[in-house]
Amino acid sequence: MRTTLALIALLVVPAATAHAEETFHPGTLGLSFGWPIGGGDSAGATYFISSTMAAFAEVGLNWNKQSDDDTKTSQTTTMLALAGGVKLYTARTAKLYTFLMPSVMINRESVSTEAGNVETSVTNTSYGLAGDFGVEYLFTECCSLSGSVGLGVLFAGADNHDETVIATHRSVLAANFYW
């Protein structure tokens, strides 16, 4: 257990040595395209405030329609997700960076079901706070691949039903482009 905690501390504590050439400079812009494991895809924008801190915003869209001709039913799901926060780069080893990413998010999901002449609709809005831990590998100064896993709390409500969820909220693999 102590070894695991020591390893985590080494990854999270900022690097003690200064690097002669920093990859990210204040004013650097970036775009990211993510492929979450268990969720809708997302796209985001990043703006570096310093060489170790960047503000980010993400948007995710999902539309899904399923039909069953045998039972004459169909279901349509529409989802919009917005998130924003700060990406804090904590350590660097050559081209590999570790980061922490606290964020806030809002999700809106609508599910409509048709069965014969009966149509029902449920809309759910949820708000949440999350924190991700991740690593990012720079192939070049303008292209990288990152992966992260997050833990969050989500407050949801739909049609007089309130719910609070604490869980690993997502795992993301993303392609990042900087200029």
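Reader: Which ring does F139 pair with, and how are the planes set?

Author: F139 pairs with Y137, and since the ring centres are 5.1 Å apart with the planes at 75°, the pair is edge-to-face. Y137 is itself partly exposed, with a relative accessible area of 36%.

Reader: How many aromatic pairs turn up in the whole structure?

Author: A search of the whole structure gives 10 aromatic pairs. One of them is formed by F48 and Y178, whose centres lie 5.9 Å apart and whose planes stand at 70°, so this pair is edge-to-face.

Reader: And which parts of the chain does the pair of F48 and Y178 tie together?

Author: F48 belongs to strand β2 and Y178 to strand β8 (residues 161–178), so the pair ties together parts that are 130 residues apart in sequence. Both F48 and Y178 are buried, and both are members of a cluster linked by ring pairs, which also takes in F24, Y89, Y97 and F99.

Reader: What else does Y178 touch, beyond its sequence neighbours?

Author: Once neighbours within four places in sequence are set aside, Y178 is in contact with F24, T28, L29, G30, F48, K87, Y89, E136, E141, C142 and S144.

Reader: Let's go to the core. Which residues make up the largest nonpolar one?

Author: The largest nonpolar core holds 10 residues in all, namely F24, F48, A54, F56, Y89, Y97, F99, M101, L138 and Y178. Two or more of these residues come from each of β3 (53–68) and β5 (96–115), and β5 gives the largest share, with three residues.

Reader: Switching to T46: where is it, and what does T46 touch?

Author: T46 is found in strand β2 and counts as buried, since its relative accessibility is 12%. With residues up to four places away in sequence left out, T46 touches T28, L29, G30, A54, A55 and F56.

Reader: Back to the strands. How does β5 pair with β4, and how with β6?

Author: Strand β4 (residues 73–93) pairs with β5 in the antiparallel sense over 18 bridges, with Q75 standing opposite T113 in β5. β5 and strand β6 (residues 118–140) also run antiparallel and are joined by 20 bridges, and the bridge partner of V104 in β6 is L129.

Reader: What do the turns look like there?

Author: β4 and β5 form a hairpin with two residues between them, and A94 in that turn has a positive phi of about 55°. β5 and β6 likewise form a hairpin with two residues between them, where G116 in the turn has a positive phi of about 65°.

Reader: And the overall make-up, in helices and strands?

Author: The protein has one helix and eight strands, following the pattern α-β-β-β-β-β-β-β-β along the sequence. Of its 179 residues, 32% count as buried.

Reader: Where is confidence lowest, and where highest?

Author: Confidence is lowest in helix α1 (residues 2–12), at a mean of 45, and highest in strand β2 (residues 42–50), at 94. The mean pLDDT of the protein is 83, with 83% of the residues reaching 70 or more.

Reader: Over which residues does pLDDT stay under 50?

Author: pLDDT stays under 50 over residues 4–21, for which the model has 17 contacts beyond four places in sequence. Where pLDDT is low, the predicted coordinates should not be read in detail.

Conventions:
Residues are numbered from 1 along each chain as its sequence is written. This is a predicted model: local features need pLDDT of at least 70, side-chain atom pairs count only at pLDDT 80 or more; totals for chains, interfaces and linings use all residues. Side-chain values use heavy atoms; hydrogens and water are left out. A nonpolar core is a set of buried Ala, Val, Leu, Ile, Met, Phe, Trp, Tyr and Cys residues joined through side-chain atoms within 4.5 Å. Buried means under 20% relative accessible area, exposed over 50%, partly exposed in between (1.4 Å probe, protein chains only). Helices (H or I, at least four residues) and strands (E, at least two) are DSSP runs, numbered from the N terminus. Contact means heavy atoms within 4.5 Å. pLDDT is the predictor's confidence in each residue, from 0 to 100. Two strands pair if DSSP finds at least two bridges between them. Rings of Phe, Tyr and Trp (its six-membered ring) pair if their centres lie within 6.5 Å; planes under 30 degrees apart count as stacked, over 60 as edge-to-face and the rest as tilted.
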